[in-house]
Amino acid sequence: MAPALVDYTAAEKELYEFDDLKIAPQNNGADGVEIPVIDLEGFNDNDDQRVKMVNAIRYACATWGFFKIVNHGVPVAVMEEMVESIRRFHEQPQEAKMEWYSRDFSRKVNYYSSGDIKGRAKPVPAEWRDTLSCRAADDQWDFDALPELCRHEMKEYIKNMIDLQEKLSELMSKPLGLSKDHLSSTGYLKSIKLSGHYYPACPEPDLTLGTIKHSDPSLLTLVLQDKGNGLQVLHNDQWVDIPAVDGAFVANIGDFMQLLSNDKFKSVEHRVLATSFGKPRISAVTFFLPCAKDIHKPCGPIKELLSDNSPPIYRITSYAEFMSHYRVVGQIGGRALPHFKL
């Protein structure tokens, strides 16, 4: 299902600040600029290498908010099969997918088009993307609820994401100067949401985007791209291309991690360009989120990161409250974080 293009008046574009609606002059990313690459080889058996990793991640999270991860331990075959399973689901006949079609996100599995803008607080620029999304409270997955056509591949991929949780928790804790088990013991990366995005070729790519400019509400997001390009990150007021690399993940800091880190880590805006090429773009996006039982628990900047010289920037909130606000502003390309500043 390809979303319909929306025609906005000049007044609407000005009112809603749709600076991304007409994007032709911005399509090309900054030349010669690349996001950092973190090599996890030797993570488990080389202390010197681990120190280098921690320093590299601290730099990437503080200055870019985006980085690539290589030698992470997830088999390339599992990654490739995941991409193909997403393609297989989205390219089946439309009537076969309608069993999963819903924007009721209390369901375990949803299929939807980002062109479904009915009921949103404001109109948004049409995005050229379909999504298969699944979620579980913590690690309690009901794999039988996944579409049979891609169940095996998604199950194996999710198992690998669960196995990565501990390593990612340590990788995020140590650069902040925390104990290596801090984020895992607090359950901040315990829940997982997985979205399989399918970006069909667009007949008028200058009139829309695959995904509008936004930041993520997660703590950490892990992106698996196929060979189709289009992902861009906003760095120093320039759009920077993030080309796909075989066997690599793209990681980015989410808004809630920026809040918890008291701005030591940066969540940055990014987008996906629509493509006019004949081949669709496919990605698998894993969002690492707080433990389900704690989403209403009051939290704020991690107390170990605060001092007289580093007072809290954000007020006490909860992940549930944060997400309620994000759903209002995030879906139209706004930022949620300013609402929680002291």
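With which side chain does the side chain of Asp 216 make a polar contact? The partner is the side chain of Thr 221, at 2.9 Å. Please keep in mind throughout that we are looking at a predicted model.

Let me begin with the chain as a whole. The chain has 342 residues, and 55% of them count as buried. Its secondary structure consists of eight helices and 12 strands. The chain exposes about 15,500 Å², of which carbon and sulfur atoms supply 51%. If we take the contacts with a separation of 6 or more, 77% of them join residues 24 or more positions apart.

The largest nonpolar core contains 84 residues. Among the residues with the most contacts inside this core are Tyr 157, Leu 222 and Phe 249. Helix H5, residues 151–173, gives the most to this core, namely eight residues. Beyond its neighbours within four places in sequence, Phe 249 is in contact with a list of residues including Phe 67, Ile 69, Val 74, Met 79, Tyr 157, Met 161, Leu 164 and Leu 222.

Asp 216 is buried yet has no salt bridge. Where is the nearest side chain of opposite charge? That side chain belongs to Arg 129, and it is 9.1 Å away. A salt bridge requires a nitrogen and an oxygen within 4 Å. Leaving aside neighbours within four places, the residues in contact with Asp 216 include Thr 221, Asn 252, Asp 255, Ser 267, His 270 and Tyr 326.

Asp 226 lies in the loop between strand S7, residues 220–225, and strand S8, residues 231–235. Asp 226 is likewise buried without a salt bridge, and its nearest side chain of opposite charge, that of Arg 87, is 4.2 Å away. A polar atom of the Asp 226 side chain lies 2.9 Å from the backbone nitrogen of Gly 228. Not counting residues up to four places away, Asp 226 touches Val 83, Arg 87, Ala 244, Pro 280, Arg 281 and Ile 282.

Is Asp 263 buried or exposed? Its relative accessible area is 17%, so Asp 263 counts as buried. The side chain of Asp 263 makes a polar contact of 2.9 Å with the side chain of Gln 258. Asp 263 is also in contact with Ile 313 and Tyr 314. Tyr 314 is 51 residues from Asp 263 in sequence, while their C-alpha atoms are 9.1 Å apart.

Let us now consider charged side chains that do pair. Side chains of opposite charge can pair when their charged atoms come close. How many salt bridges does the count give? It comes to nine.

In one, the side chains of Glu 170 and Arg 50 meet at 2.6 Å, N to O. This pair links helix H5, which holds Glu 170, with helix H2, which holds Arg 50, across 120 residues. Both Glu 170 and Arg 50 are buried.

In another, Asp 142 forms a salt bridge with Lys 108, with the closest N and O atoms 3.0 Å apart. Asp 142 lies in the loop between strand S4 and helix H5, and Lys 108 in the loop between helix H4 and strand S3, so this pair ties together parts 34 residues apart in sequence. Asp 142 is partly exposed, at 33% relative accessibility, and Lys 108 is partly exposed at 45%.

The remaining example joins Lys 190 and Asp 139, at 3.3 Å from N to O. Lys 190 has a relative accessibility of 35% and counts as partly exposed. Asp 139, at 23%, is also partly exposed.

Finally, I draw your attention to Gln 49 in helix H2, residues 47–63. Gln 49 is partly exposed, with a relative accessible area of 23%. Apart from residues up to four places away, Gln 49 touches Asp 39, Glu 41 and Gly 42. The C-alpha atoms of Gln 49 and Asp 39 are separated by 9.4 Å, and the two residues are 10 apart along the chain.

Terms used:
Residues are numbered from 1 along each chain as its sequence is written. This is a predicted model: local features need pLDDT of at least 70, side-chain atom pairs count only at pLDDT 80 or more; totals for chains, interfaces and linings use all residues. Side-chain values use heavy atoms; hydrogens and water are left out. Helices (H or I, at least four residues) and strands (E, at least two) are DSSP runs, numbered from the N terminus. Buried means under 20% relative accessible area, exposed over 50%, partly exposed in between (1.4 Å probe, protein chains only). Lys and Arg count as positive and Asp and Glu as negative; His and the chain ends are not counted. A polar contact is a pair of N or O atoms within 3.5 Å; within protein, one must be able to donate a hydrogen and the other to accept it, and residues adjacent in sequence count only if both atoms are side-chain atoms. Contact means heavy atoms within 4.5 Å. Accessible areas come from the Shrake-Rupley method with a 1.4 Å probe; for residues, only the protein chains shown count as cover. A nonpolar core is a set of buried Ala, Val, Leu, Ile, Met, Phe, Trp, Tyr and Cys residues joined through side-chain atoms within 4.5 Å.
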